[in-house]
Amino acid sequence: MSEPLDAVDAKILDLIQHDAGLSVAEIADRVGLSSSPCWRRIKRLEDAGVIQRRVTILDRERLGLGFEVYCTVKLSLPTKDNLDAFEQAIMKLSEVVQCATVTGAADYELRIVTRDMHAFDDFLRERILSLGLVSNIESRIVIRSVKHTTAAPLGLVSPYISAQS
């Protein structure tokens, strides 16, 4: 956005990012607006790309998808074509819930979610290593997740939201 967030926009974003199921009327009530002006603000934030989408967060453990692994991946030859091919392949793999290019000795950091160790081994062998692009993978199995949030730290960009929320 070209202009900084005002207090109402900041509060709307904070509410929505913590509970996307709130109705416009509920949001409006909590920020002190009527529904129409609140809806216009939300629409403006969507049009500006600040609100990308609204999702429902599922409990992976209850779905039997409690095995989480962080993998550092190094490509055999990190050419533009190989980087593009790897990224295109990763986009199609539902087990990969995050993928980032990183600095250092590796090329990528992946966050993988699957059923168990055997499913993870199958995933590595059949979906990642079979690409023929990878020279090294280092995996770290998550024992216990200490913090997981999808909320952006709005307090860092807006004085109207506590940096601690």
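This is a predicted model: local features need pLDDT of at least 70, side-chain atom pairs count only at pLDDT 80 or more; totals for chains, interfaces and linings use all residues.
Local features require pLDDT of at least 70 and side-chain atom pairs count only at pLDDT 80 or more, while totals for chains, interfaces and linings use all residues. Residues are numbered from 1 along each chain as its sequence is written, and side-chain values use heavy atoms, with hydrogens and water left out.

**Exercise 1.** Determine how the axes of helix H1 and helix H3 are oriented to each other.

*Solution.* Helices are DSSP runs (H or I, at least four residues), numbered from the N terminus. H1 covers residues 7–18 and H3 covers residues 35–47; their axes come within 11 Å and cross at roughly 80 degrees. Angles of 65 to 115 degrees count as roughly perpendicular. H1 and H3 are therefore roughly perpendicular. Contact means heavy atoms within 4.5 Å; H1 contributes Val8, Asp9, Ile12, Leu13 and Ile16, and H3 contributes Cys38, Arg41, Ile42, Arg44 and Leu45.

**Exercise 2.** Determine how the axes of H2 and H3 are oriented to each other.

*Solution.* The axes of H2 (residues 24–31) and H3 come within 9 Å and cross at roughly 100 degrees. H2 and H3 are therefore roughly perpendicular. Val24, Ala25, Ile27 and Ala28 of H2 meet Ser35, Cys38, Trp39 and Ile42 of H3.

Technical notes:
Axes are lines fitted to C-alpha atoms, for helices over the stretch in contact, and angles run from 0 to 180 degrees between N-to-C directions. Helices (H or I, at least four residues) and strands (E, at least two) are DSSP runs, numbered from the N terminus. Angles under 35 degrees count as roughly parallel, over 145 as roughly antiparallel, 65 to 115 as roughly perpendicular and the rest as oblique.
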